[in-house]
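Please have the sequence and the coordinates open while reading.

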Amino acid sequence: MTPVVETRGLVKRYEEDIAVAGIDLRVGPGEIYGLVGPNGAGKTTTMRILATLLAPTAGEAYVTGIPVTADPIEVRRRIGYMPDFYGVYDDLRVWEYLDFFGRCYGIPSARRVRMIDELLEIVALGAKREAYVESLSRGMRQRLCLAHTLVHDPALLILDEPASGLDPRARVEMREILRELRSMGKTILVSSHILPELGELCTGVAIIDHGRVLRSGSISEIEQSLRASAVLRVELLGDAASIAAAETWLRNDRRVSDVLPAEAGALGDVTALEVSFDGPPDAQADLLRTMIDAGHRVVGFSQATTDLEEIFLKVTGQHTEEAVA
Ligand code: ATP
């Protein structure tokens, strides 16, 4: 099946900076795909290239199989783009705002009236039909902007940080609208610098930093790939000397890259250590058995849980360490 979004070796270079350094993406029909990365990672640049607003320095980008550089007019018919910073025309009523863009797209007046009602219902602004745009809250404006991207019924929505600056309730509302749009058959490419925000929404994500994709796939695939290097919490019984001996023993295992005291520190006679261990669960079981065989008094052995924020920091942090090394 032709992907809705495909980039191959996408590069965007500015004089001093390389904003996008070879990005490969593949987003299938009906997906909600997240581009996640810290500020300056290259998300906006990638989206602007796909939205035909910026020419890449090298590489290829396609929307529904159409090359963005060779056929931008056709691509624009198929996309709705919501930039991270946008202006709205304040002195218009909500319905007039959408009507204006409907006219720009040459939609006949009878269809425009129906379309405006449908769009306002989707973005939950039906009650604000007659309100002036300037009277809307930030969350409402963001939803109105989303309605604007839908006017010409595009197959792909490219949404650059649509939830930025919104309060928690407005973020939830935005997510619900995106889910509904997906159920209507839209494919959505959405960016954020917060992985947990996209985690439960997206069918797939690409974690981007310094213009490169560091990890991609479903959140669970990414979690899985990180599980190979787990952080284990090992709780030990004993005095300072026996804890030091256990630390030395652990450090002698070539799969252990680091041993740190756990945040909670000593709990009575029990000391917790955080052990960075490069191995799957059966190797972890093996470590536990040999540790006990060696005489260390293990009273707790578990994998430190990673939440999505930790995954994000881990992936982007690993990359920074590699760059420094
Ligand atoms: P943010 O979350 O802050 O919006 P981003 O992931 O969207 O970040 P980009 O806006 O794509 O990142 O920027 C990527 C890099 O390219 C940054 O280092 C930025 O400074 C640089 N950059 C972007 N636009 C230009 C430009 N017009 N001229 C020079 N450098 C630019």
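The model is predicted: local features need pLDDT of at least 70, side-chain atom pairs count only at pLDDT 80 or more, and totals for chains, interfaces and linings use all residues. Residues are numbered from 1 along each chain as its sequence is written, and side-chain values use heavy atoms, with hydrogens and water left out.

**Ligand site**

The ligand is surrounded by 13 residues, and the closest are Gly40, Gly42, Lys43, Thr44 and Thr45; a residue is near the ligand if one of its heavy atoms lies within 4 Å of it. Helix α1 (residues 43–50) supplies the largest share of this shell, three residues. Helices are DSSP runs of H or I with at least four residues, strands are runs of E with at least two, and both are numbered from the N terminus. By class, the shell holds four nonpolar, five polar and four charged residues. Here Ala, Val, Leu, Ile, Met, Phe, Trp, Tyr, Cys and Pro count as nonpolar, Asp, Glu, Lys and Arg as charged, and the others, Gly among them, as polar.

| Residue | Protein atom | Distance |
|---|---|---|
| Asparagine 39 | N or O atom in the side chain | 3.1 Å |
| Glycine 40 | polar backbone atom | 2.7 Å |
| Threonine 45 | N or O atom in the side chain | 2.4 Å |

Taken alone, the ligand exposes 630 Å², and the protein buries 62% of that (Shrake-Rupley method, 1.4 Å probe).

**Two loop residues**

Histidine 296 sits in the loop between α10 (281–293) and β14. Histidine 296 is buried, with a relative accessible area of 14%; buried means under 20%, exposed over 50%, and partly exposed in between (1.4 Å probe, protein chains only). Not counting residues up to four places away in sequence, histidine 296 touches Leu236, Ala245, Ala246, Trp249 and Met291, where contact means heavy atoms within 4.5 Å.

Alanine 304 belongs to the loop between β14 (298–303) and α11 (308–324) and is partly exposed, at 23% relative accessible area. Beyond its neighbours within four places in sequence, alanine 304 is in contact with Val231, Leu232 and Arg233. The C-alpha atoms of alanine 304 and leucine 232 are separated by 5.5 Å, although the two residues are 72 residues apart along the chain.

**Nonpolar cores**

A nonpolar core is a set of buried Ala, Val, Leu, Ile, Met, Phe, Trp, Tyr and Cys residues joined through side-chain atoms within 4.5 Å. The largest has 47 residues, and Leu98, Leu146 and Leu181 have the most contacts inside it. A second, separate core of 28 residues includes Ala19, Val20, Met47 and Ile66.

How values were computed: Polar contact = N/O pair within 3.5 Å; in protein donor to acceptor, adjacent residues only side chain to side chain.
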